[in-house]
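Subject: Structure handover

Hello,

Please find below the structure I am passing on to you. My notes on what was found in it follow.

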Amino acid sequence: MQAIKPKRANSVSWLDSIPAYLFIAPAFLLFAIFFLRPLVQLGYLSLVEWEGLGPKIFVGLENYQELLGDSRFWLAFQHNMGWMFAAIFVPTAMGLFLALLLVRSSIHGRLIFRTIYFLPQVLSSVVVSVIWRWIYNPNYGAINSILRAMGLDYLARGWLGDKLTALPALFIAWSWIHYGFCMVIFIAALQAIDETYYDAAKVDGANPLQQLWYITLPFIRRPLATVILITIISAFQVFDLVFIITRGGPARATLVLSVFMYDSAFRYEKVGYGAAVGLTLGVVIFVVSLIYMRLRVRLEA
Amino acid sequence: MRSQVRTLSVLILLVAILAACAQPTPEVVEKVVTKEVEVEKVVTQIVQETVIVEVEGTPQVVEKEVEVIVTATPEPIEEANLEVWYLSQSPEEIQLVEELSSAFAQRHPGVTVTISPYGFDDMNKTIKLALDSGTGPDVAYVSPGAGAGHVSYAQAGHLVELTEVATERGWDQRHPIDSIMYWQKELGGPIWGVPYDITNVGVFYNKDLFNELDLKPPQTFEEFETLLATLKDAGYTPFSTGALDGWPFDHYFMILVHATTPIDKIEALNYLQPGVSLSEDSFVEAATILKDWIDKGYFNDNFLAASYQDQNNLFITGETAMNIGGTWNNATFVQQADFEVGFFPLPRVNPDIEWHSMVTPNNVWIVPKYTEYQDLAIDYIDYMLSGEVARALWDTGDIPTFAFATVPEATSGLQADVYKAGLDTGIGYYYTNNMPEAMEAEWSALQMMAAGDLTPEEAMEMIEEYHAEAVAEAQ
Amino acid sequence: MEPPSGHLDETSAHQALTKRVGRGVATLSALFFSLFVLIPFAWVIFTAVKSRREVPRNPLGIPAEWHWGNFGEAWRVGHFDRYFLNSIYVVIPTVLIILVFSTLAAFAFSQLRFKGKNLLFAILLIGLAVPLDILIIPLFYDLLNMGLVNTHWALILPQSAAILPFGILLLRSFMEDVPGEILDSAKIDGCSTFGLLFHIVVPLSRPALASLLVFSFMWTWNQFLLPVVLIQDDRMRTLPVGLNYFQGRYSTNIPLLMAGATISFIPIVLVYVVFQRQFIKGITAGALK
């Protein structure tokens, strides 16, 4: 007698899958054409030399070789790395602090404050750029005007023009937007902590600081990790603010990888090279994320 | 959710009411009404006009014969929409072109002209592809030259050759400088694009301030250096620049290059020909002079953080005495400065070279091959090159390429100065236009030099690296 | 061990005081941070109503005269009506596509069994890991070949495609939480798959749909890189790019520029203030799941 092969628990036949395929088809079609296909093309484009018009010349890994020897690339990479490290601390700490303020303290008007704090997140990057470029204006901007009004003229400077302050200045403008995102994630995470833990701690005589250390922080570990991961990825993707305010200048002091990618393809007409930069950027984001997640696992163990 | 929608609707209503109250006083808009008109065929009239001519600085009243060219309405043609792409960021210029175009459309019943303005980056990004795919405009006013300019579109076979038309219509007879051939040199002859105005780069200055301090526009470079020192000692800031944007500061350098370097070397740079290097003495000298000016404090405070708008604003409000920039600023300066604005070309540093500033024919009109309105496009360009349009341009303070039989009265002292400078000096080149990476490197190198991170020699080397690459690729 | 009652009174009074002081300090911090957010806004609006002359003379202070007409002028001169319309023409189809396609796909992923489900979902996750920005170069040439450059579709299609993974993820996790009993009883009553979707799952997913709607709206409305690369025709520009272009053309007129910026942010701020719950939920839900 033939042994009847047992069906695998999860196997579904092709025929039965058709209704489901119809459901996912619209989304997948759109996704495939306008996301996956360009992704694959990015890889292919990075292997050619092309001016956007005319023939594409296959050059293999030459673009990548050139990229690795290009001082502009490494400068941009450095800037993104610095941005990333600062981003891990500044907007996240701000977001956490404000979330704690809104959830764990006893202040009134929480909703109003939350509304205000999240406001920069809904603005377009162009609006933010226009605002902050004007704030940093050396002659009439808010910062220098305030400093001069306080008699601190010597502190007033060209924030966007000095290579020491230009990138940090842009970073601050970016943080002004990004902290709101961190904050709302933390708010949701904090709100999810069961109040009874705190009640028990208070009965044991724990002060607020101890409550923070022993209850709050452990409970928000996972959301904190998510926030940091998303922040890291955002730090590498920064484009709008840099492009509009300083365009990577002056003297490349604020050059970041995304701007370099744009310039290579659309300004220098080296489309293949730009694609190589783009793909490298994607890989960098991927690798950094991976490293971060490994580190996290290591630390938690 | 419903209450939220309600709240939002109320808020929108409030904003709408506020907005309605915030309208500016409506300006008087002249409506263009098309009418059928009987027109006689009039071509040229000789008219006696009383004109004030400046001869060696002394105005004299003279009776002159002036050619007045009147265009007659040609036969009406079928409906057509002429799509024009126009390279400009200036709102005033775009408005003028729109007005001129509707005047053109009036004379061609059935024809409408649509102007699409483009900025420099956008135009360069789109036009080639548009030409390639045949989806672009019918006429365009584009960047000239090789590299990203119209010559490269011609080399790719996209443009209608205009050499014959130019001769037929007398376009090549209408320019006081060799403007039409300017952009064609390397191809040795065919005309692919026609400019209709001229820009110059030189020194704008505060005439009132100069008069106060008893200063005159310098004739030699030594005089200029003395003038700078005098201004500085008297407590004034000589120059304003917006180095944050890169290119405004680059203009200071480029004009110095034209003052130190023989024009054939600059030409070689422009056409990506081998045999010239930016590390050569004349270029280093230009950079050194610029560095010297920076060290002596001749520029506005924090100029590395200042933008192009700051550069102009500081000059307009009288905070700096001079501003080295392009004559596309003429209208802005005349309208907004409280003082009288003058212009002089930078004197030569090297007395052995010919005197050149950066007089360049501005952008060029081209006709793509694929357009179905080729004749209409050429008529349009012909109109844009006409005396009538030239006069309109002149009246806005612009310098058209048109060779007036008698130069109209300058609308401002500034325009008179610019016109004179254009005749006194020779043409120049935006020599990095054809090598965008070297252009960016030049901006960055100059900014680094200004910050003290690079010596003038090092800055030139940095630019030369990209220049050499561009030359190698062009061979 | 309980301390004696007298001591307890002292402790609770001490606690009450600490609480008061704590709240005071917290409120002060909260107010201080509010300034950090609000001052740039206030300053932009102040600058927008000043005259050109006043800006260099009085950059920091309250305007001497309030030139409300600057807003009207910026609107007129900067073609903001055109830019607004274009943004609307882009946002509405994008949001609709995202909502409909995500709902369908999320339903399948959460309720149906089919071959390759896990693989297909993993492919979708690529969309979350890869930023849209790096795809702009090939996207430009693709859309050019499709003849879609300078059209609204150039912005609608890639934007939808980029947000779909997030939308599907969000809705799927929400749909998975629909109690099994409701679904089972519906099936027993003879409900078809479509009926299941429309009559049960969708209504129950309304909060998630609202969040997705608001999130997609915000992200699409503020999108900059896509329109800056894919749209060169000024008549088709969306609001952010229009504002940037306006900045380039009118950069010497600071009050006008600030008025333009104000015009640009007022609508989304209004929408946000009214719908903020959904905004915040959208972001939170996405990140926490």
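To begin with the surface of chain A: its accessible area comes to about 13,700 Å², and 67% of that belongs to carbon and sulfur atoms. Please bear in mind throughout that this is a predicted model.

Chain A

Chain A holds 13 helices and two strands. Its radius of gyration is 25 Å, whereas a compact globule of 301 residues would have one near 19 Å. The C-alpha trace of chain A spans about 85 × 60 × 35 Å along its principal axes. As for burial, 58% of the 301 residues of chain A count as buried. If we take the contacts in chain A between residues at least 6 apart in sequence, 65% of them join residues at least 24 apart.

Chain C

Along the principal axes, the C-alpha trace of chain C spans about 85 × 75 × 30 Å.

Of the 289 residues in chain C, 59% count as buried. Among contacts in chain C between residues at least 6 apart in sequence, 72% link residues at least 24 apart. Chain C exposes about 12,100 Å², with carbon and sulfur atoms supplying 67% of this area. There are 21 positive and 16 negative charges in chain C, and their mean positions lie 6 Å apart.

One helix of chain C deserves a separate note. Why is helix α6 of chain C described as largely enclosed by the rest of the structure? The helix covers residues 136-145, and eight of its ten residues are buried, which means under 20% relative accessible area. The buried residues of α6(C) are Ile136(C), Ile137(C), Pro138(C), Leu139(C), Phe140(C), Tyr141(C), Asp142(C) and Leu143(C). Just after α6(C) comes Gly147(C), which takes a positive phi of about 70°.

The contact between chains A and C

How many residues does each chain bring to this contact? Chain A gives 87 residues and chain C gives 90 residues. The size of an interface is often given as the accessible area lost when the parts come together. Between chain A and chain C, the buried area is about 8,000 Å², of which 81% comes from carbon and sulfur atoms. Phe23(A), Phe34(A) and Trp134(A) supply 10% of the area that chain A buries against chain C, more than any other three residues.

The contact between chains B and A

Here chain B and chain A take part with 28 residues from chain B and 28 residues from chain A. The area buried between chain B and chain A is about 2,500 Å², and carbon and sulfur atoms give 48% of it. Leu244(B), Glu437(B) and Glu440(B) supply 22% of the area that chain B buries against chain A, more than any other three residues.

Regards

Notes. Residues are numbered from 1 along each chain as its sequence is written. Chains are lettered from A and ligands numbered from 1 in the order in which they are written. This is a predicted model: local features need pLDDT of at least 70, side-chain atom pairs count only at pLDDT 80 or more; totals for chains, interfaces and linings use all residues. Side-chain values use heavy atoms; hydrogens and water are left out. Helices (H or I, at least four residues) and strands (E, at least two) are DSSP runs, numbered from the N terminus. The radius of gyration is taken over C-alpha atoms; the globule rule is 2.2 Å times the number of residues to the power 0.38. Buried means under 20% relative accessible area, exposed over 50%, partly exposed in between (1.4 Å probe, protein chains only). Contact means heavy atoms within 4.5 Å. Accessible areas come from the Shrake-Rupley method with a 1.4 Å probe; for residues, only the protein chains shown count as cover. Buried area is the accessible area (1.4 Å probe) that two parts lose on being put together, summed over both. Lys and Arg count as positive and Asp and Glu as negative; His and the chain ends are not counted. The place of a charge is taken as NZ of Lys, CZ of Arg, CG of Asp or CD of Glu.
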